[in-house]
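Biologist: Hi! Could you walk me through this structure in plain words?
Modeller: Happy to. Here it is.

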Amino acid sequence: MTQLTAPSTPPPSSISASASPSTPVDLLILGAGWTSTFLIPLLEEQKITYAATTRSGHNNTIPFNFDPSSSDAVGYERLPPAETVLITFPLKGDRQSKLLTDLYGETHEKIADAVRWIQLGSTGIFTEKGWNDSDSAYDKSIARAVAEDELLSHLGNRACVLNLAGLYGGTRHPQNWVTRVAKSKSEVKAKLAVHLIHGRDVSRAIVAAHEKFEKVGGKRWIVMDLHVYDWWDLFLSWGKYARESAGEGVWERAREVDKEGDGEGGLEYERWVVDLMGEEGVRALPRGIESLGRVLDGRGFWSAVGGAPEEGRAN
C-alpha cells in the first residue's frame with residue numbers, strides 16, 4: 001500500500017537544462033512543475049537525457065512561456081532538439097496544439113517531421129456512466145479535449161495523449177481532499193467513484209510512452225493505478241484524519257451546514273457513511289461498480305507498453 005509521504009524531490013542543481021539550444025536531448029519537458037519532481041529522478045536513473053522549461057527559468061531550466069495569442073517563434077529558438085516533447089500544461093480549444101507544435105517545428109526544421117509529442121490530459125473528459133476505457137466516447141466540447149483532438153489530428157502517430165486520473169504523491173495527499181469534496185451527509189451521499197495515479201507511476205507512464213512510442217502513438221490513453229475507489233470507503237477510512245486536520249474555516253462551514261440541528265454538520269463522516277449504508281441497502285464497502293456511476297478501465301495503456309503501475313493503492 002502506498003504511504004503518502006513526501007518524495008525526495010530533486011535539488012535545484014539536478015534539474016538540468018540543455019547546455020545549448022543545439023544540444024539534442026531525448027526528452028524535452030515543457031513545463032517543469034509537480035510532475036517533474038517525480039519524472040526527473042527517473043530520467044536521471046535511466047540515463048535519459050532531458051531539458052526542462054519553466055516560465056521564469058529558475059533552477060537551471062529554460063525560460064519559456066507558451067502564448068496562444070502569439071505566432072512569434074523567438075522563444076522557441078532557445079529550446080533544444082528532442083526526440084520526444086512532453087507538454088505538461090493544458091492546451092485548450094482550437095489552434096493551440098497546432099500553434100505550439102508548428103512553431104517548434106519551424107525553429108527545428110531538421111527534426112520537425114520526426115519529433116514525437118506527448119500531451120498530459122485529464123480523465124475528466126470521460127463523462128459517461130458505467131465503464132469507460134481509452135476507446136470510449138468522451139465529451140468533445142470540453143476545451144482540453146478539443147486541443148487534444150487537434151494534436152492527434154495534426155500529428156497522427158507522432159502524438160499521443162495521456163489522460164491522467166487524480167494526481168497524488170509528495171505534498172498532494174488524498175486525505176486532504178475529504179473536507180473539500182464533502183462537509184455534510186448529503187454531500188457524502190452524492191459522491192461515487194474516484195480514480196487516482198501516483199506521481200511516480202505518471203513518470204513511469206511517460207518514460208514508457210517515450211521508449212515505446214510505436215505502441216501508443218496516434219491516440220489517447222487513460223492512465224490510472226487500475227483501482228476504482230469508492231468515496232464512501234475513503235470517507236470511512238479517512239474521516240478521523242479529516243477532522244483532526246481541518247482548519248477553522250472548514251469547521252465554520254460545517255457548523256453553518258448544521259445550523260438547523262439536523263445532524264448534517266460536524267464532519268461526522270463515519271456515522272454518515274454507516275447511516276447511508278443502511279438507507280441504501282449497502283452491506284459492505286466498497287459498493288458494487290453498478291452503484292458508482294462513471295468508472296474507468298485503465299488496462300489498455302499498461303498492456304500496450306508492457307508495464308504496470310507500481311505504487312499500489314492510495315492509503
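Biologist: Where is L267 found?
Modeller: L267 is in the loop between α9 (248-257) and α10. Helices here are DSSP runs of H or I with at least four residues, strands are E runs of at least two, and both are numbered from the N terminus. This is a predicted model, in which local features need pLDDT of at least 70 and side-chain atom pairs count only at pLDDT 80 or more, while totals for chains, interfaces and linings use all residues. Residues are numbered from 1 along each chain as its sequence is written, and side-chain values use heavy atoms, with hydrogens and water left out.

Biologist: What is the phi of L267?
Modeller: The phi of L267 is near 55 degrees, a positive value in a residue other than glycine. Most residues other than glycine have a negative phi.

Biologist: Is L267 buried or exposed?
Modeller: L267 is buried, because its relative accessible area is 0%. Buried means under 20% relative accessible area, exposed over 50%, and partly exposed in between, using a 1.4 Å probe and protein chains only.

Biologist: Which residues of α10 are buried?
Modeller: The buried residues of α10 are Y269, W272, V273, L276 and M277. They cover an arc of only 135 degrees around the axis, so they sit on the same side of α10. That arc is taken from the directions from the helix axis to the C-beta atoms.

Biologist: Why would residues three or four places apart point the same way?
Modeller: An α-helix has 3.6 residues a turn, so residues three or four places apart point the same way. On the other side of α10, V274 and G278 are exposed.

Biologist: What do the buried residues of α10 pack against?
Modeller: They pack against α4 (178-181), α5 (185-190) and α8 (231-245). Contact means heavy atoms within 4.5 Å.

Biologist: And what follows α10?
Modeller: G281 follows α10, and the phi of G281 is positive, near 70 degrees. In the loop between α10 and β13 (294-296) you'll find P286. The peptide bond from L285 to P286 is cis, with omega near 0 degrees.

Biologist: New topic: what is the volume of the largest pocket?
Modeller: The largest pocket has a volume of about 480 Å³. Of the 22 residues that line the largest pocket, the closest to its centre are G31, G33, T88, F89 and P90. On a 1 Å grid over the protein atoms alone, a pocket is an open set of points where a 1.4 Å probe fits, with protein on both sides within 12 Å along at least five of seven lines, and lining residues have an atom within 4 Å of a point. Grid points are joined across faces, edges and corners, and the volume is the space filled by probe spheres set on the points.

Biologist: Which element gives the largest share of that lining?
Modeller: β5 does, with three residues.
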